[in-house]
Protein chains: 4
Amino acid sequence: MIRLNNDYNRGAHPAVLELLQKTNDESYPGYGEDAWCEKAAQEIRKYLGGQDAQIHFMTGGTQVNFTVIAAALRPYQGVISADTGHIQNHETGSVENTGHKIHALPGTDGKLTAQAIEKEAKKYRDTVPNDHLTEPRMVFLSFPSEYGTIYSKEELTAIHRVCREYGMYLYVDGARLGYGLGSEACDVTLADLAALADVFYIGGTKCGALFGEAVVICNPVLRDHFRSYMKQNGGMLAKGWLLGLQFYALFKDGLYFEITKEADRKAMALKEAFTKKQIPFYIESRTNQQFVILDRDQMDRLAEVCVFQPDAELEDGRTCVRFCTGWSTGQEEVEQVVQAVGAL
Amino acid sequence: MIRLNNDYNRGAHPAVLELLQKTNDESYPGYGEDAWCEKAAQEIRKYLGGQDAQIHFMTGGTQVNFTVIAAALRPYQGVISADTGHIQNHETGSVENTGHKIHALPGTDGKLTAQAIEKEAKKYRDTVPNDHLTEPRMVFLSFPSEYGTIYSKEELTAIHRVCREYGMYLYVDGARLGYGLGSEACDVTLADLAALADVFYIGGTKCGALFGEAVVICNPVLRDHFRSYMKQNGGMLAKGWLLGLQFYALFKDGLYFEITKEADRKAMALKEAFTKKQIPFYIESRTNQQFVILDRDQMDRLAEVCVFQPDAELEDGRTCVRFCTGWSTGQEEVEQVVQAVGAL
Amino acid sequence: MIRLNNDYNRGAHPAVLELLQKTNDESYPGYGEDAWCEKAAQEIRKYLGGQDAQIHFMTGGTQVNFTVIAAALRPYQGVISADTGHIQNHETGSVENTGHKIHALPGTDGKLTAQAIEKEAKKYRDTVPNDHLTEPRMVFLSFPSEYGTIYSKEELTAIHRVCREYGMYLYVDGARLGYGLGSEACDVTLADLAALADVFYIGGTKCGALFGEAVVICNPVLRDHFRSYMKQNGGMLAKGWLLGLQFYALFKDGLYFEITKEADRKAMALKEAFTKKQIPFYIESRTNQQFVILDRDQMDRLAEVCVFQPDAELEDGRTCVRFCTGWSTGQEEVEQVVQAVGAL
Amino acid sequence: MIRLNNDYNRGAHPAVLELLQKTNDESYPGYGEDAWCEKAAQEIRKYLGGQDAQIHFMTGGTQVNFTVIAAALRPYQGVISADTGHIQNHETGSVENTGHKIHALPGTDGKLTAQAIEKEAKKYRDTVPNDHLTEPRMVFLSFPSEYGTIYSKEELTAIHRVCREYGMYLYVDGARLGYGLGSEACDVTLADLAALADVFYIGGTKCGALFGEAVVICNPVLRDHFRSYMKQNGGMLAKGWLLGLQFYALFKDGLYFEITKEADRKAMALKEAFTKKQIPFYIESRTNQQFVILDRDQMDRLAEVCVFQPDAELEDGRTCVRFCTGWSTGQEEVEQVVQAVGAL
């Protein structure tokens with residue numbers, strides 16, 4: 001079965017599993033206070049352009065998102081997100097469950113603009129008195145976005161500036177960070193991200209790890225008692241070294257960047273195949289997720305070859321469908337799907 | 001290094017890791033809707049004495065505890081726990097963070113009594129009006145307790161009856177369930193637990209898994225939308241099959257019971273060694289955790305041989321210390337520590 | 001100073017104050033368990049068309065809103081509101097603070113449509129699985145809306161039907177209920193409301209009382225332990241009879257309906273004055289709030305006569321301004337403002 | 001009916017009602033931004049010994065308590081209270097509902113000791129790591145306590161010092177503050193309180209107002225966005241001036257102190273009557289609440305004369321009963337009860 005429905009349908013990169021196997025008989029201190037977490041953090045720091053950062057390892061993206069937000073905000077503060085943002089649509093209201101409003105702004109291709117963010121922040125600042133409003137205190141964005149689109153360095157910088165001007169934190173959800181950085185269209189580096197964001201996370205679950213995300217806290221203000229928040233929110237793994245060693249395996253020799261870049265390359269092959277057949281794209285993406293518009297017949301025929309994910313029913317009866325490559329997608333798998341697309 | 005400080009200091013039982021390795025190239029549906037989770041649930045159900053149950057897999061105990069409690073209670077309701085209970089002392093107020101009061105009752109050897117529970121429930125029922133009080137609606141207990149003690153079937157049945165009479169749910173935290181069931185002093189079976197508790201969890205993290213806990217929901221009332229609560233609270237693993245296959249490996253041939261029983265046996269060897277030296281016990285435990293009272297000199301000498309965990313400073317200057325065996329404790333390791341105790 | 005900026009700028013109707021004065025030396029049981037609350041509830045019930053209802057008295061609208069919502073919803077459930085709704089924009093995120101998401105839908109003239117509500121409810125029902133989504137379980141609407149518009153009986157009935165079909169509660173915020181029911185354009189009665197809504201509140205603060213709101217719970221499911229929620233959320237007044245006797249004074253002889261209808265009549269006089277001068281309305285309202293579009297010069301000239309409230313800066317430099325009559329607005333006051341408008 | 005069951009069973013002191021009546025036709029800005037709130041704050045400040053303070057007016061004690069606590073604490077922090085404290089037993093878990101743990105310490109005569117507080121604070125500070133614990137960050141105490149007892153200046157100073165040393169806020173619930181300050185046994189002034197507490201509230205509801213409490217925030221750190229918290233928690237009255245003018249009436253000429261002192265004097269007359277009859281006290285109180293131990297016969301006979309409040313059933317079958325004078329208790333009323341006690 002060729003699964004292109006998502007990028008979390010297989011275990012781990014062999015290098016990760018090998019290290020897990022090799023260290024299985026070793027014993028370690030618990031709760032992330034072990035040598036592997038420290039070593040993994042060191043490897044990650046090498047890519048941060050000298051930016052000082054506190055690094056923690058957690059088990060999943062939803063958990064990271066609401067924990068970071070709960071740790072950063074006071075009860076009367078909220079977080080700005082695109083209305084297509086993951087926290088707004090796919091996390092069962094976990095942010096509101098921690099007590100915070102999401103200021104959902106209309107996104108453009110799944111992305112926020114500095115202008116829209118500024119308008120929302122300005123509304124709070126200019127309303128007198130504003131004690132009947134929630135204060136937008138954090139900006140949440142995904143890199144790449146839920147639609148596979150990426151922010152240019154210029155766009156990120158503009159958002160960063162608005163955040164500075166209005167006293168907001170910039171938080172970047174990097175569940176698929178590798179696929180963003182690995183895109184041929186990306187001019188942002190991990191060092192740029194560390195310079196522009198107050199906090200972000202490097203996704204492991206979708207990028208070669210069995211599971212796990214690395215939270216990188218650049219802004220010292222946000223570091224205070226972060227471990228208390230992790231524990232309180234069920235995000236502190238007893239055997240924390242399991243996370244540390246996976247990230248060590250992925251970052252030691254740049255494996256993380258290599259495998260995600262390769263997945264992007266495969267997605268571009270798919271993109272080309274769809275383009276050739278003049279199958280329209282729902283949105284223009286240069287990363288591992290491709291959203292195309294298929295009719296019923298096309299869906300049926302492709303379903304014989306691979307699994308993909310319906311995303312939305314369109315009003316004309318067609319369907320927006322996601323094809324998603326990943327670190328584990330095989331070259332042959334892609335070729336078969338490309339061929340099937342060509343035969344539509 | 002011989003680590004007897006806790007039972008979560010090594011990876012996983014080889015059988016677990018082997019299955020992870022073997023299935024690493026397979027691809028699966030996400031979020032626990034895969035064949036391994038189903039198969040693991042089937043294996044577990046074999047031990048439930050025919051009790052119908054909904055089974056979910058989550059990543060850690062704190063997460064399970066507050067998710068189960070948040071799913072079961074209304075905002076004005078609280079949960080009864082021993083004042084030594086894990087949710088009261090070791091989870092950074094995660095239960096209160098979900099909005100619920102813990103009715104902390106003085107424990108006896110780390111355990112609750114049916115009498116104390118009834119008194120608290122009766123107070124709410126008999127106060128008119130009682131709208132200024134929180135309603136105790138759930139009883140939380142750990143099996144074995146945080147001090148390694150276990151409830152007899154008679155004690156559990158008495159607590160079960162009080163819960164029925166006062167309309168409270170009985171929830172059992174089984175982080176170390178295997179070590180409780182494996183104790184030579186235990187007359188409770190998994191089937192008994194399924195009959196007496198409304199919901200409980202079977203600990204994997206401390207009992208042979210890399211990580212993971214199996215939540216067993218016996219009372220149908222508590223099953224409603226439990227997956228929504230899991231997702232909302234960051235407890236739904238994207239690659240859910242990783243949890244399912246671990247529990248499958250542990251339960252298929254009863255491995256879970258075997259390895260925890262063996263750890264208990266090793267703890268009994270330690271217990272005997274301390275007894276011989278007339279070193280006092282802080283509490284009488286027949287499971288894998290042993291709490292002894294040591295003076296400074298004894299601590300220093302044993303520290304040369306193994307790692308143990310100081311639990312509390314006593315007023316006379318001595319220390320209550322925990323020695324903890326586990327599924328991964330080696331026979332030689334125990335023998336060395338027994339010898340060292342003998343030489344005190 | 002003629003204050004037309006809002007309808008809560010004066011104390012209480014004389015009949016209310018008189019009763020407060022008259023009973024000041026009497027002593028009563030606390031927390032709303034007194035004869036006045038009971039008598040007030042009886043008077044209110046006379047208008048409910050035989051609909052059975054549990055009635056509670058609380059001190060303010062925000063408090064009622066989040067308490068009703070917190071009492072009705074489970075953590076994974078949310079409430080649908082117009083994006084112009086009071087809970088979405090003017091209550092400092094109090095609903096999210098209780099843990100619940102607001103599903104904010106684009107409003108039409110400040111109102112929700114049955115169609116838009118159904119679409120949102122259908123999305124949840126049709127998504128499989130839907131455990132990554134919050135369940136819209138309640139519909140919140142204001143009668144009249146924040147823009148003074150009112151729902152027709154047909155519109156309310158259509159919304160009621162969608163709520164029934166999708167298992168959602170209908171909750172009506174009646175902060176200005178009297179001004180809605182008193183409108184010449186209104187075909188809804190209190191009895192209709194009691195038949196169509198699961199729960200609603202009758203605003204006192206803005207309609208003749210010193211302060212206070214009467215919560216009317218029609219759906220028995222929502223009555224359970226409501227007093228516990230009131231107390232927990234700081235909404236149970238120690239001297240509850242102060243609320244009961246105010247509502248008794250307002251409802252005994254229909255005073256409530258009389259004074260709000262009169263305020264609507266005065267608003268219509270204002271409306272007519274603006275219409276004559278061809279001053280455009282921001283929105284068409286037939287209740288006590290009138291939203292007109294003024295330029296800077298017009299605002300300056302009217303500011304010499306009365307206080308009004310700027311609502312929003314329009315893109316063309318003009319301002320949307322609210323003029324609000326109330327139970328305490330004097331006939332002479334209105335005449336002066338009408339004259340001033342005529343002289344623009 | 002002579003009601004000595006509580007001190008909130010009558011309306012308001014005539015001076016308060018008179019001012020309400022006199023200003024009823026005036027119109028004011030909403031939400032506490034009016035001249036009366038400002039004037040009331042000025043009158044209160046005269047008693048604060050020059051201590052700078054931000055002053056807000058809210059409607060009830062429970063509301064003040066959880067709002068102050070929610071505004072002061074981060075999610076991983078908790079509040080220390082006596083186990084007999086109002087927030088622990090009588091507010092339906094409202095503090096936990098905001099997400100915070102109450103560290104309930106055994107009280108002595110309803111009071112906390114500096115030693116017990118320090119021990120709890122030290123435990124958190126000395127535990128390494130302490131991220132599995134909640135941080136006690138605030139101390140809550142009632143003045144007078146729920147049992148009518150009061151802290152000496154020395155005791156309060158000692159508690160203040162522990163708070164400073166461990167970085168905790170001291171919060172004083174003054175629901176009955178007047179009765180505490182008015183006690184013949186009290187050596188604490190309002191100025192002392194302002195110097196020793198970080199935040200406290202002056203109870204109006206039980207001390208002459210119709211309703212209302214004045215929150216006095218001494219520590220500037222706790223002032224930030226307090227109005228946002230008030231609004232979010234339903235504690236910002238639309239007609240805020242109603243609260244301001246009540247406190248103005250009570251504080252302008254020291255009426256507040258006069259009427260509560262007189263109530264204490266009456267309570268002392270009761271106390272003397274019980275003492276003469278050798279009726280035992282449950283606790284020694286020198287304020288307006290007297291707790292005596294009565295047998296069934298005594299209760300029946302006194303119940304013919306007045307209403308009192310049973311507090312707890314004792315194990316020997318007798319009952320701890322509260323007799324409570326207040327600002328509105330008449331001289332004749334007390335004399336009748338004194339006589340009845342004498343006749344037991």
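Trainee: What makes the pair E96(B) and K101(D) a salt bridge?

Mentor: Good place to start, and bear in mind that this is a predicted model. The closest N and O atoms of E96(B) and K101(D) are 2.6 Å apart. The rule asks for a Lys or Arg side-chain nitrogen within 4 Å of an Asp or Glu carboxyl oxygen, so a Glu and a Lys at that distance qualify. Between chain B and chain D the count is 2 salt bridges.

Trainee: Which helices of chain B each supply at least two residues to the side that touches chain D?

Mentor: They are α4 (86-89) and α5 (94-97) of chain B. By class, that side of chain B holds 4 nonpolar, 10 polar and 4 charged residues. Polar contacts join 10 residue pairs between chain B and chain D, with both partners at pLDDT 80 or more.

Trainee: How much area is buried between chain B and chain D?

Mentor: About 1400 Å², with carbon and sulfur atoms giving 45%. On the side of chain B, T92(B), E96(B) and K101(B) lose the most area, together 40% of what that side buries. The contact draws 18 residues from chain B and 18 residues from chain D.

Trainee: Why are chain B and chain D described as related by a two-fold rotation axis?

Mentor: Look at the superposition: a rotation of 180°, with 0.0 Å of shift along its axis, places chain B on chain D at an RMSD of 0.0 Å. The two copies are therefore related as by a two-fold rotation axis. The contact agrees with that picture, in that 100% of the contact residues of chain B recur in chain D.

Trainee: And what rotation superposes chain B on chain A?

Mentor: Here too the rotation is 180°, with 0.0 Å of shift along its axis and an RMSD of 0.0 Å. The same surface serves both copies, as 100% of the contact residues of chain B recur in chain A.

Trainee: How many residues take part in the contact of chain B with chain A, and how much area do they bury?

Mentor: On each side 43 residues are in contact, and about 3800 Å² is buried, 51% of it on carbon and sulfur atoms. N24(B), Q232(B) and K239(B) supply 17% of the area chain B buries there, more than any other three residues. The polar contacts number 30 residue pairs, both partners at pLDDT 80 or more, while the salt bridge count is 0.

Trainee: What class does G330(B) fall into, and why?

Mentor: With a relative accessible area of 24%, G330(B) falls between the cut-offs of 20% and 50%, so the label is partly exposed. G330(B) belongs to the loop between β12 (319-324) and α14 (331-342) of chain B.

Trainee: What makes R223(C) and D52(C) a salt bridge?

Mentor: Their side chains meet at 3.0 Å, N to O, and the limit is 4 Å, so the pair counts. The two residues are 171 residues apart: R223(C) lies in the loop between β8 (213-217) and α10 (226-232), and D52(C) in the loop between α2 (35-45) and β2 (54-58) of chain C. R223(C) is buried at 16%, whereas D52(C) is partly exposed at 48%.

Conventions
Residues are numbered from 1 along each chain as its sequence is written. Chains are lettered from A and ligands numbered from 1 in the order in which they are written. This is a predicted model: local features need pLDDT of at least 70, side-chain atom pairs count only at pLDDT 80 or more; totals for chains, interfaces and linings use all residues. Side-chain values use heavy atoms; hydrogens and water are left out. Contact means heavy atoms within 4.5 Å. Buried area is the accessible area (1.4 Å probe) that two parts lose on being put together, summed over both. A polar contact is a pair of N or O atoms within 3.5 Å; within protein, one must be able to donate a hydrogen and the other to accept it, and residues adjacent in sequence count only if both atoms are side-chain atoms. Helices (H or I, at least four residues) and strands (E, at least two) are DSSP runs, numbered from the N terminus. Ala, Val, Leu, Ile, Met, Phe, Trp, Tyr, Cys and Pro count as nonpolar, Asp, Glu, Lys and Arg as charged, and the others, Gly among them, as polar. Copies are superposed by least squares on the C-alpha atoms of residues with pLDDT of at least 70 in both. Buried means under 20% relative accessible area, exposed over 50%, partly exposed in between (1.4 Å probe, protein chains only).
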